[in-house]
Amino acid sequence: MPKMKKWLLIIVLIIGAFANVRAQYDAHFTHYWEMQSFYNPAASGSTGKMNVYAAYSNQLTGFEHSPKSMLLNVDAPIPFVRGDHNLGIGVINDAIGLFTNQHLYVNYAYGFKLFKGRMVVGAQLGLVNSSFDGSDLILGGDSNDPAFPSGKADGNTFDVGAGLFYQHKYFYVGLSGLHLNSPLILLGERNEIQIDPFYNFTAGGNIPIKNTLITIQPSLQVMTDFVSWRTDITARGTYKYDEKLFFGGITYSPSTSVTVFLGAEMMNITLSYGYEVFTSGIGAKNGNHDIFLGYKLNLDMFKKEKNKHNSIRVLQ
């Protein structure tokens, strides 16, 4: 990569953090429909199974110090407990230029029947950590500028989130708010990062094609901090044969990108790959690579008649 591009990217990332801006903190993943409990604590346990998934996103491929995100999440209904109680836990690591952000969270969700479906209320308690490594940063001129740490600086604080999630046999819809307490992270003595509340709306449906093994599954996600917005409109097609599920589709994000993806589910294991191409002129070769890996374990062995509800898996 040309040095000009390298340092332009680094400078933009530095200014964005140390100008005390209030910016969107959370990563975006291509396979959002498979990762409901990451975006909404109320979706924890919504599959009716122990749901384990990992995701990796390599963004702006070809740019040095480009963002990379890794996520691991586990959520499930709580066995041996009367009622519709669910728990989830997850951790995400974002490397963005000279910054590294981590978010460790615990979700709780309680569900009840409503209008022939299932309504769920969820809450999240988490810990956010940010660090900056300026040991290799060369600013020129006054290299001792106190506005930029010359070494490593980090800080952390607690944050909270909440959400609502409604499941029906033929559709789902969810609304959540993360970082509702507007966490303030102090980096050393002079710098800070303010995290704005972040809101997510999602919905999806199931359209079977008559007399075929094919199903069309549209979905929508809107992410915003009321300063910036991102909308993803997705059309997925699935084909099920001999207990194996194959799927593929396309996502359009207005004024941002187009994403194509392919995947399969076999023996409760889901593997999918997606590539996002930006429409802003960055170039097709500098898009985002996304990989999703999931596994679901049936918990019926631990419980018999309680906690039965329609799974959003019928929509996926």
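Strands (E, at least two residues) and helices (H or I, at least four) are DSSP runs that are numbered from the N terminus, and strand E2, which covers residues 49–58, is where Met50 sits. The structure is a predicted model, in which local features need pLDDT of at least 70 and side-chain atom pairs count only at pLDDT 80 or more, while totals for chains, interfaces and linings use all residues. Residues are numbered from 1 along each chain as its sequence is written, and side-chain values use heavy atoms, with hydrogens and water left out.

**Nonpolar surface patch**

- A nonpolar patch on the surface, with about 950 Å² of accessible area together, is formed by Met50, Leu72, Val74, Ile89, Val91, Leu104, Val106, Leu125, Leu127, Phe158, Val160 and Leu180.
- Two or more residues of the nonpolar patch come from each of strand E3 (68–77), strand E4 (84–96), strand E5 (99–114), strand E6 (117–133) and strand E7 (152–167).
- Patches are made of residues with over 30% relative accessible area and no salt bridge, where like charges are joined within 9 Å and nonpolar side chains (Val, Leu, Ile, Met, Phe, Trp, Tyr) within 5 Å.
- Accessible areas come from the Shrake-Rupley method with a 1.4 Å probe, and for residues only the protein chains shown count as cover.
- Met50 has a relative accessible area of 31% and is partly exposed, a class that lies between buried (under 20% relative accessible area) and exposed (over 50%), with a 1.4 Å probe and protein chains only.

- Four salt bridges are found in a search of the whole structure, each being a side-chain nitrogen of Lys or Arg within 4 Å of a carboxyl oxygen of Asp or Glu.
- Asp84 and Arg118 meet through their side chains in a salt bridge of 2.6 Å, N to O, and this pair links distant parts of the chain, with Asp84 in strand E4 and Arg118 in strand E6, 34 residues apart.
- Asp84 counts as buried at 10% relative accessibility, and Arg118 is buried with a relative accessible area of 3%.
- Glu276 and Arg230 form a salt bridge whose closest N and O atoms are 2.7 Å apart, linking strand E17 (residues 269–278), which holds Glu276, to strand E14 (residues 229–241), which holds Arg230, across 46 residues.
- Glu276 counts as buried at 2% relative accessibility, and Arg230 is buried at 14%.

**A further pair and a network**

- Lys244 and Asp242 form a salt bridge with the closest N and O atoms 3.8 Å apart; Lys244 is partly exposed at 30% relative accessibility, whereas Asp242 is exposed at 54%.
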